[in-house]
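The entries follow the structure.

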Amino acid sequence: MTDVAPSPLPWSDVWGQDDALTQLQAAASDPAQLAHAWLITGPAGSGRSTLAAAFAAALIAEPGDEAAMRQVLAGTHPDLTTLRTEGVIITIKDARALVERSYFSPSLGRYRVMLMEDADRMVERTSNVLLKALEEPPERTVWILCAPSEADLLPTIRSRVRTLRLREPDVADVARLIVARTGVDAAVAEQSARLAQRHIGMAVRLATDADARARREETLRGVLAVRGVGTAVETAARIVQLATEDAKALTAERDEAEREALLRTLGVAPGAAVPPAVRGQLNALEDDQKRRATRSLRDGLDRVLTDLESMFRDTLMIQFGQSGDLINRELAPDLEGLAAAWTPERTLTVLDRISATRTNLEGNAAPALALESLLITVASGRTP
């Protein structure tokens, strides 16, 4: 890909996925090519949700009806139902509500579209709720699921959908997109695309948020400085603190806006005491925000582990004489020193421990303890 010129609506925000775009455009215009259920897979930041929303707009709106397309893309069209979770998992209650709505006939558009983002966040019993709806949907209902890979869903789900796999964009392509969208310096865009490992959303954030870049660098340099149990404990605590600050930076403004909007809807003046009669609704909002904060922190810690993987991957590349394609070029002198001091076996041990730490965090391990264990392995080369 050599340019970022937008396609016509509703595909104007879809970028770097020409093959997938061609397939979905054909399916939206030809009923013979349209499956009743789709699974869009691809690495984080590859544009799964953007492509799914564009496909939904193409299915619902009549060709050329840009007003309806924009309504679908904004998520406000009555024939689009979207389920995205801001918690750790998709609940059975939410899945059942989605299934019930899937049996309604389209009210205005050509099709009713059921869009489930983060389909990989369903546990097995939640997935089972979807099976019959995916197998026998009404004639004018189309399901679109999004997940990182097919392996993230049960085989019974995969057998009922048509899978569309997205490609991972090149660093240079992501950098050009960032420059086109944000106007940042080309060097900053290239660095951000590289450090984000081509995750478009994360690359845009790094390019436009100097604090986010600084937190990432502080985290990696802190891990490089770990020498024993004491510094492992201190660094683990600092990483959790930085991840928490990062999560708050992403959610604090939205939380406050939601609170103000709810109070305004309930007729409570700014700064006034909250009447007992409406405290239940405010508490429910706060509970939702806490769940969102938990997920945001989990995602932030997962991103830290991804960054650490990139750093020790670079170390391993140097150890095997392949230093021309480093992700963390800015740390090259430090990584060359580490590569000389460690054996490749020790680097692989650390990489394995990062994977184990990710699994532990997904199992609700205490973040500080999980990271302490990881950093002790970094310091000693041994698994505790």
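I began with strand 1, where both faces are covered: Ala37, Leu39 and Thr41 on one side and Trp38 and Ile40 on the other are all buried. I took buried as under 20% relative accessible area, exposed as over 50% and partly exposed as in between, with a 1.4 Å probe and protein chains only. Helices (H or I, at least four residues) and strands (E, at least two) are DSSP runs, numbered from the N terminus.

The model is predicted: local features need pLDDT of at least 70 and side-chain atom pairs count only at pLDDT 80 or more, while totals for chains, interfaces and linings use all residues. Residues are numbered from 1 along each chain as its sequence is written, and side-chain values use heavy atoms, leaving out hydrogens and water.

I then looked up the neighbours of strand 1; strands pair if DSSP finds at least two bridges between them. Strand 4 (residues 141-147) runs parallel to strand 1 and is joined to it by 5 bridges, with Ile144 as the bridge partner of Trp38. Strand 5 (residues 162-165) also pairs with strand 1 in the parallel sense, over 4 bridges, and there Arg162 stands opposite Trp38.

Next I searched for aromatic pairs, meaning rings of Phe, Tyr and Trp (its six-membered ring) with centres within 6.5 Å; planes under 30 degrees apart count as stacked, over 60 as edge-to-face and the rest as tilted. I found 2 aromatic pairs. The ring centres of Trp38 and Phe55 are 5.3 Å apart and the planes are at 80 degrees, so this pair is edge-to-face. Both Trp38 and Phe55 are buried. Phe312 and Trp342 are stacked, at 5.8 Å centre to centre and 5 degrees between the planes.
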